[in-house]
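Keep the structure open beside the text as you read.

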Amino acid sequence: MPLSPLAPLGTPAIRPPAVRHSAQLVGGTPVLWVDEPFAPPGRGFHAKLEGANPGGLKDRPALHMVREARRRGDLAPGAPIVESSSGTLGLGLALAGLTYGHPVTVVTDPGLEPPVARLLAALGARVVRVAAPHPEGGWQQARRERVAELLARTPGAYCPDQYRNPDNAAAYRPLAAELIAQLGRVDVLVAAVGTGGHSAGVSAVLRESRPGLTLIGVDAVGSAIFGQPAGPRLMRGLGSSIHPGNVDYAAFAEVHWVGPAEAVRACRLLARRYGVSGGWSVGAVALVAGWAARIHPAGTRIAAVFPDGPHRYLQTVYDDDWCREHGLLGPAPPPEPDEIAEPDARVVTRWTRCSRVRDPLARDPLAHDLAKAGVR
C-alpha cells in the first residue's frame, strides 16, 4: 500500500534508526568540511552532501511536488505522472511514484547516462527519449514538447513542471532548516542553477534569519539561464537552454559559468582528497565555493550544495577514455575566474564570473535592478 511518510514541510529531517519506506531516507543529509586543495587550510566551505539521499537532491522536490498535487486534487490517486528530466529529478519521481502509488514516465534525451536509464527502469519508471534538440530551446524544449504530447493523449496524467512549479522551490525549506541546525548560520550560499528551485528555496529561508546572505549562482558554459546564448553542453544537471520560471534572479549577488574540463578536475580532486565527490554540478560548485572561501574574510561561513554522488558519472566524468575523447584532461586551468561586466558582454568558454545578475527576459532592466536593491 502506498505510504505518506514525510514530515511536515519546514521540519528538519532526523532519520530514525529504522524506516519502513525509502522516502523516509530523504533529508537529514550530512555536511562535510572542504578546504585544501580548493582553499587554504581553515579557509574552506561546508558541503551539504545531497548525494546521501536515495536518488540525490531532487528527491526533495519530487516527493513534495507530488504530495502537494495530490493534496490539491491536481493529481488523482493512481494517475500517471509525466515529466522532463536529465536524470536526477526522474529518480526522485520514481521514488515518489513508489511512495504514493503512481506510474511515472520520464522524458529525457540521448545524453541520459545508461546506468541511470537502467536504474529508472528498475524502479518501475518508463523512459521516453526525444531524438533531436529543439532548434531554439535545445533538449529541454524538445523534452517539454514531448511531455505535452504525452499529456494530451493520456487522460488524467499530471506533469509537475519542475521549471515553473513554485512547489519546487518550497520543497527546500527543510534543507535550509538542516543547514541552520548544522552550521548555526550561513553567510554565503553557493548553488548550481538548473531549474532554479534549490537556489531560490534555500536562500529564501536562510535570509529569514540572515538577511545579508550572499547567494552565488553556478551555471554551465553554454547555458542560457543568465543571459549567455544557448550552446552545446556536455554538463548535465545544471544550466539550461530555456529560461526556467523558478530562477530568482534578484536573489543572486553574482553568477559563475564553469566549463566541463574545470568541473571534471574539481570532481577528481574531491574524490582523491576526501573520498566524496559527485557529478558536473558538484565539481562546478566545489570550484566556485573554494574561490569564495579564498576571497571572503576569515570566519565567513560558506555553504555549498552538492546535488548528487559520483555513481551515474562513472562512464563520463570518471572515465579517462571518455574525458580524453572530449578534451577534458588537459593542463590545470587557471586558479581564478575570468571577469565580465555584463552577463552578455561576450560568449564565455571557461570559468567566468559576473557580479551583475539580471533576468535576460526582463523588459525593464532598470526596474529589475531596483527590485534587486529592494526598491519597489
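A nonpolar core here is a set of buried Ala, Val, Leu, Ile, Met, Phe, Trp, Tyr and Cys residues joined through side-chain atoms within 4.5 Å, where buried means under 20% relative accessible area, exposed over 50% and partly exposed in between (1.4 Å probe, protein chains only). The model is predicted, with local features needing pLDDT of at least 70, side-chain atom pairs counting only at pLDDT 80 or more, and totals for chains, interfaces and linings using all residues. Residues are numbered from 1 along each chain as its sequence is written, and side-chain values use heavy atoms, leaving out hydrogens and water.

The largest nonpolar core has 41 residues, and Phe45, Val190, Trp280 and Phe306 touch the most other members. At least two residues each come from E2, E6, E7, H8, H9, E9 and helix H10 (320–325); these labels are DSSP runs numbered from the N terminus, helices being H or I of at least four residues and strands E of at least two. H9 gives the largest share, eleven residues. Among the residues that tryptophan 280 touches are Leu234, Pro260, Tyr313 and Trp322, contact meaning heavy atoms within 4.5 Å. A second, separate core of 29 residues includes Val193, Tyr249, Val305 and Cys354.

Now to the sheet. Eight strands form an open, mixed sheet in the order E1-E2-E9-E6-E7-E8-E11-E10, with two strands taken as paired if DSSP finds at least two bridges between them. Strands E1 (31–34) and E10 (338–339) stand at the edges with a single partner strand each, so one side of each lacks a neighbour in the sheet. E10 runs parallel to E11 (residues 352–354), joined by two bridges; aspartate 338 has threonine 352 as its bridge partner in E11. Helix H8 (residues 260–274) packs on the sheet, touching E1, E8 (254–258) and E9 (302–306), and its direction makes about 100 degrees with that of E1. Such angles run from 0 to 180 degrees between N-to-C directions, with axes fitted to C-alpha atoms, for helices over the stretch in contact.

Elsewhere, the axes of H2 (residues 88–100) and H3 (residues 114–122) come within 10 Å and cross at roughly 10 degrees. That makes H2 roughly parallel to H3 (under 35 degrees; over 145 is roughly antiparallel, 65 to 115 roughly perpendicular, the rest oblique). Gly90, Leu91 and Ala94 of H2 meet Val116, Leu119 and Leu120 of H3.

Terms used: Lists of a residue's contacts leave out its neighbours within four places in sequence.
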